[in-house]
Amino acid sequence: MIEILPGKPNSVQFRIQTTTIEALLISTPSQIETILLPPGKYSTGDELARAEPLEKRYYLNKLIEAEEQFMYYRIVSD
């Protein structure tokens, strides 16, 4: 099943814990940001450091959906 997610997706590299991952950062007009991560063990509050173009930091704020293929979180930035 294909879901339509509101917002503009952008493929971004992040560092989380000791790993660099490719994720989909989704920005909406209301400035709520969400992220699709590959499956893994993540916790609310985990820090994501954006590798490029800025050293901007994000934090996992709320788990929206967890599936075998992905983890979908609301995030906040500093």
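This is a predicted model: local features need pLDDT of at least 70, side-chain atom pairs count only at pLDDT 80 or more; totals for chains, interfaces and linings use all residues.
**Entry 1: D46.** I found D46 in the loop between β3 and β4. I then looked for what else the side chain of D46 reaches, and I found the backbone nitrogen of S43 at 2.9 Å. When I left aside the neighbours within four places in sequence, I listed I16, Q17, K41, Y58, Y59 and L60 as residues in contact with D46.

Entry 2: I next turned to β4, which covers residues 47–50 and runs antiparallel to β1, joined to it by three bridges. In this pairing, F14 has R50 of β4 as its bridge partner. I also followed β4 to β5, and these two strands pair in the antiparallel sense, again over three bridges. Here E47 stands opposite Y59 of β5, while L48 has Y58 as its bridge partner.

**Entry 3: β5 and β6.** From Y58 I could step across to β6, where S77 stands opposite this tyrosine. I noted that β5 and β6 pair in the antiparallel sense over seven bridges, and that they form a hairpin with four residues between them.

**Entry 4: the nonpolar core.** I looked up the largest nonpolar core and found that it has 15 residues, with F14, I35, L37 and L60 being those that have the most contacts inside it. At least two residues of this core come from each of β1 (8–16), β2 (19–27), β3 (33–37), β5 (57–66) and β6 (71–77). I wrote beside this a rule from my reading, that in soluble globular proteins nonpolar side chains tend to be buried together. For F14, leaving aside neighbours within four places in sequence, I found contacts with residues including T19, I21, L25, I35, L48 and Y58. R50, the bridge partner of F14 in β4, is also among the contacts of F14.

**Entry 5: Q31.** My last stop was the loop between β2 and β3, where Q31 lies. Is Q31 buried or exposed? Q31 counts as exposed, because its relative accessibility is 71% and the cut-off for exposed is over 50%. I also recorded the phi of Q31, which is near 65°, a positive value in a residue other than glycine. I marked this entry because most residues other than glycine have a negative phi.

Notes: Residues are numbered from 1 along each chain as its sequence is written. Side-chain values use heavy atoms; hydrogens and water are left out. A nonpolar core is a set of buried Ala, Val, Leu, Ile, Met, Phe, Trp, Tyr and Cys residues joined through side-chain atoms within 4.5 Å. Buried means under 20% relative accessible area, exposed over 50%, partly exposed in between (1.4 Å probe, protein chains only). Contact means heavy atoms within 4.5 Å. Two strands pair if DSSP finds at least two bridges between them. A polar contact is a pair of N or O atoms within 3.5 Å; within protein, one must be able to donate a hydrogen and the other to accept it, and residues adjacent in sequence count only if both atoms are side-chain atoms.
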